[in-house]
Amino acid sequence: MLILLGAAFLFAVWFFFVNIFKVISRRVFLEGRIYEKVPFQRMLFLLRVKKWTKVCCTMFRTSLYQMLWNFTIIGGVIKYYSYYLVPYIAAENPDISSREAISLSRRMMKGHKWECFVYELSFLPWTFLGAATLGLSEILYQTLTGRLLSVSITRI
């Protein structure tokens, strides 16, 4: 019984916090490219607009599709990049349905998957540095990744 309760608790934390953090961080990065300072209250924008659960479902559906595609090795890699922009789409428009967000991400990434792969490959040294510093440099890595991706999205 404790194992089932623990698994349910971990799922709830992942569903309501981990997935939502992806969307909130993308929103802050997108606003950071426009405004010089982003107030801390922007971290709670999903609560303020009452779209927290809708975004949770969108991210859950994306993760579910990704998990199913991961059973096929090549399909998992391709769909990882196809669904890459779903957190950004949900951050800009939290009212969008999960099906529309996934479809829009697939259309936006059509022809740009290789560029995104090369872009992520360029941050491989940061990953090695993160392993060497036991994760301390990962904070800087996450900040740079979000800011640079926000700039590259505006060019697409």
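Aromatic pairs

Mentor: This is a predicted model, and the structure holds 13 aromatic pairs. One of them is formed by Phe 15 and Phe 60, which sit edge-to-face with 5.7 Å from centre to centre and 65° between the planes.

Trainee: Where in the chain do Phe 15 and Phe 60 lie?

Mentor: The pair links distant parts of the chain, since Phe 15 belongs to helix 1 (residues 2-32) and Phe 60 to helix 3 (residues 52-69), 45 residues apart.

Trainee: And Phe 15, is that buried or exposed?

Mentor: Phe 15 is buried, with a relative accessible area of 13%, whereas Phe 60 counts as partly exposed at 29% relative accessibility.

Trainee: Why is the pair of Tyr 119 and Phe 123 edge-to-face?

Mentor: The ring centres of Tyr 119 and Phe 123 are 5.2 Å apart and their planes stand at 70°, so the pair is edge-to-face, because planes over 60 degrees apart count that way. Tyr 119 counts as buried at 17% relative accessibility, and Phe 123 is buried too, at 7%.

Trainee: Which residues do ring pairs link into a cluster?

Mentor: That cluster is made up of Tyr 80, Tyr 81, Tyr 84, Trp 114 and Phe 117.

Trainee: Changing topic to helix 4, which residues are buried there?

Mentor: In helix 4 (residues 73-82) the buried residues are Gly 75, Gly 76, Lys 79, Tyr 81 and Ser 82.

Trainee: What do the buried residues of helix 4 pack against?

Mentor: They pack against helix 3, helix 6 (98-109) and helix 7 (113-121).

Technical notes. Residues are numbered from 1 along each chain as its sequence is written. This is a predicted model: local features need pLDDT of at least 70, side-chain atom pairs count only at pLDDT 80 or more; totals for chains, interfaces and linings use all residues. Side-chain values use heavy atoms; hydrogens and water are left out. Rings of Phe, Tyr and Trp (its six-membered ring) pair if their centres lie within 6.5 Å; planes under 30 degrees apart count as stacked, over 60 as edge-to-face and the rest as tilted. Helices (H or I, at least four residues) and strands (E, at least two) are DSSP runs, numbered from the N terminus. Buried means under 20% relative accessible area, exposed over 50%, partly exposed in between (1.4 Å probe, protein chains only). Contact means heavy atoms within 4.5 Å.
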